[in-house]
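Welcome! Here is a short tour of how this protein is put together on the inside. Take a look at the structure first, and then read on.

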Amino acid sequence: MKVPSGLIVLAALLFCRSAVTQEKPPDTTDRVSLLYSSRMIFDAHGVPLITVGVYEALRKVGISSDRGLLVDYTPAGDPRARARLIVPSGESWIFRLTQSTPGKVKHWVGVESVSFDEKEQLRKLSGIWRRRKLKPQIFEVGSVFGLRGRVIDNRSYILAVNPQDTQDQAATQAGVILGAFGTKAFVHHHLTRRPTGRIAMLDNEGGMRDQAEDLIVIVPADQKGSIVIEDLEGIQKSEWRGERRRTYAGSVLVTLNHAGKMVVINKIGVEKLLEGLVPAEMYANAPMEALKAQAVVARGEVFAKIGSRHFLDPYLLCASTHCQVYAGMDVEHPRTTQAVRATRGELLFRGPALVDSVYSASCGGHTENNELVWTDPAKPELRGIADMTSEQAALSPNPREDVGVWLRAAPTAFCSHTEFGASTLYRWTHTIRSDDMDRLVARIKPIGQVVSIQVLSRGVSARACMVRVIGTQGELVVQRELPIRRLFGGLKSAMFEVEVRIDDQQMPSEFVFRGGGWGHGVGMCQMGAIGMAMRGYDFRQILQHYFQGAGLHRLYGNDNKKQSAETQ
């Protein structure tokens, strides 16, 4: 939506308390459809615009701006109309969900993940699952778009079977398939019908101004303005200091998520997004070369995740650790902004393919292979490597051969330094009492008193990929790194060994986890990047270490004078 550029027109609009205009057609159908698609939109300077879900499952939210706001929407009951309201500067209006119908979701059991260029492999795998008397469904995920002469293509296929009505039912079926075929299955969500609803707009004095159908688009009255969003009920769970009130550049969309709850979305240029993301993901006082490396990998993560996350939601990315933590303008810092602007438009490629430049807080001395953590195909630039010099690696134990020796040796690594609390992440101990362990496991499956935990398989970094928990009344098998960590109450990582302490009745009293690292361990180790920068490595060398075989390419310019305001 274009903001009126005539100063006289704008001044007249802002002088009034409010104004409404109507025009016909169009309706909101196409605009809402675009929110669920992976189609890329660019600003006038060729910078991609990203939609980020910043507030989720709210009932009412306050929105204001010191420059005034323009509100664009479809009036309730009139899907072919378009209306506009003016929110005067300094006023905070309330947007409240008045009615909604949830979307319809099917939960499939994903059994294979295949690269987009491996169509013959996809055909063969489909035949295997048909011969097993299961009807496979193929889902294409990801996106493809051109950017300054390069094609960004992160598409892949998911082969899925046995659609279920609930996620729990699909998870149960995944366990059945594991037992029957030895396949590490997963749940894939597919939206079959979008949610619908109405959102009321109340002015500064609580008066009802209008109701909108499905979607409201809000922009500052001029491009220098920002938008303040406030969770009026304090129910939003934040991964960044828990603030109820935050400030954002760009535009704001108010709509519904798949469950029929109100969601607030920030539509923002990727470079401005990074200015509010990098300081939320790495200490602003970290070495500058580490911050530059963080800016590059965060930019790559944004591009790589387009179309491959949030299949049920009307946005491309969320603002939490599931995608990347994004906290808006309030956390921007001159040093992290400098790092973003110094690397503007730079991304990692391996040949013609964009690198999925993932990262975690601390790898514990060794990174992990991507396919052992997630469901996507193996990627050559995401191989597990020792987070140390080649000389140090030659003298260190192999984590996969004996995880206990590896953890106790705690060899010197780039991420084993003491700055920023890195040493407490490099090695750690966590104890769970027996009765607490029983409750944790019972959330997934009641198996009585837990008596034993067995790691059935490990990755190259010794991270657990599959565990069996044995109880007095059954057993539970859990696959993949993150579900394993969550099973045990949120361990820092899956690089661990377990000691069972026995009581006087020869039954477990405590489970002691001794581990290393924080996070999944794939790609760049943030504490390792800081450690490398402290040793004099520049950001290019840091990236080459963690993403071997990849190279940097700039896809759009670094002329700060031409940087877009990126507000729409």
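## A buried charged pair

Asp-72 and Arg-82 are both buried. This is a predicted model, and in it the side chains of Asp-72 and Arg-82 meet in a salt bridge, with 3.4 Å from N to O. The pair ties together distant parts of the chain: Asp-72 belongs to strand E5 (residues 69–75), while Arg-82 sits in strand E6 (residues 82–87), 10 residues apart.

## Other salt bridges

How many salt bridges does the structure hold? There are 30 salt bridges. Side chains of opposite charge can pair when their charged atoms come close.

Asp-435 forms one of these with Arg-433, and their closest N and O atoms are 2.8 Å apart. Here Asp-435 is partly exposed, with a relative accessible area of 31%, and Arg-433 is partly exposed at 47%. Another salt bridge brings together the side chains of Glu-499 and Arg-514 (2.8 Å, N to O). That pair also links distant parts of the chain, with Glu-499 in strand E28 (residues 496–502) and Arg-514 in strand E29, 15 residues apart. Glu-499 counts as partly exposed, at 31% relative accessibility, and Arg-514 is partly exposed with a relative accessible area of 31%. Salt bridges with shared partners also join Glu-301, Lys-305, Asp-356, Asp-376 and Lys-379 into one network.

What does Ile-218 touch, leaving aside neighbours within four places in sequence? Its contacts are Ile-63, Leu-69, Leu-70, Val-71, Phe-95, Ile-227, Ser-251, Val-252 and Val-254.

## One face of a helix

Helix H12 (residues 434–442) has these buried residues: Ser-434, Met-437, Asp-438, Leu-440 and Val-441. Seen down the axis of H12, they fall within an arc of 165°, so they line one face of the helix. An α-helix has 3.6 residues a turn, so residues three or four places apart point the same way.

What do the buried residues of H12 pack against? Their partners are strands E24 (428–433), E25 (450–458), E26 (464–471), E27 (474–479) and E29 (508–515), together with helix H13 (481–487).

How values were computed:
Residues are numbered from 1 along each chain as its sequence is written. This is a predicted model: local features need pLDDT of at least 70, side-chain atom pairs count only at pLDDT 80 or more; totals for chains, interfaces and linings use all residues. Side-chain values use heavy atoms; hydrogens and water are left out. Contact means heavy atoms within 4.5 Å. Buried means under 20% relative accessible area, exposed over 50%, partly exposed in between (1.4 Å probe, protein chains only). Helices (H or I, at least four residues) and strands (E, at least two) are DSSP runs, numbered from the N terminus. The arc is that of the directions from the helix axis to the C-beta atoms. A salt bridge is a side-chain nitrogen of Lys or Arg within 4 Å of a carboxyl oxygen of Asp or Glu.
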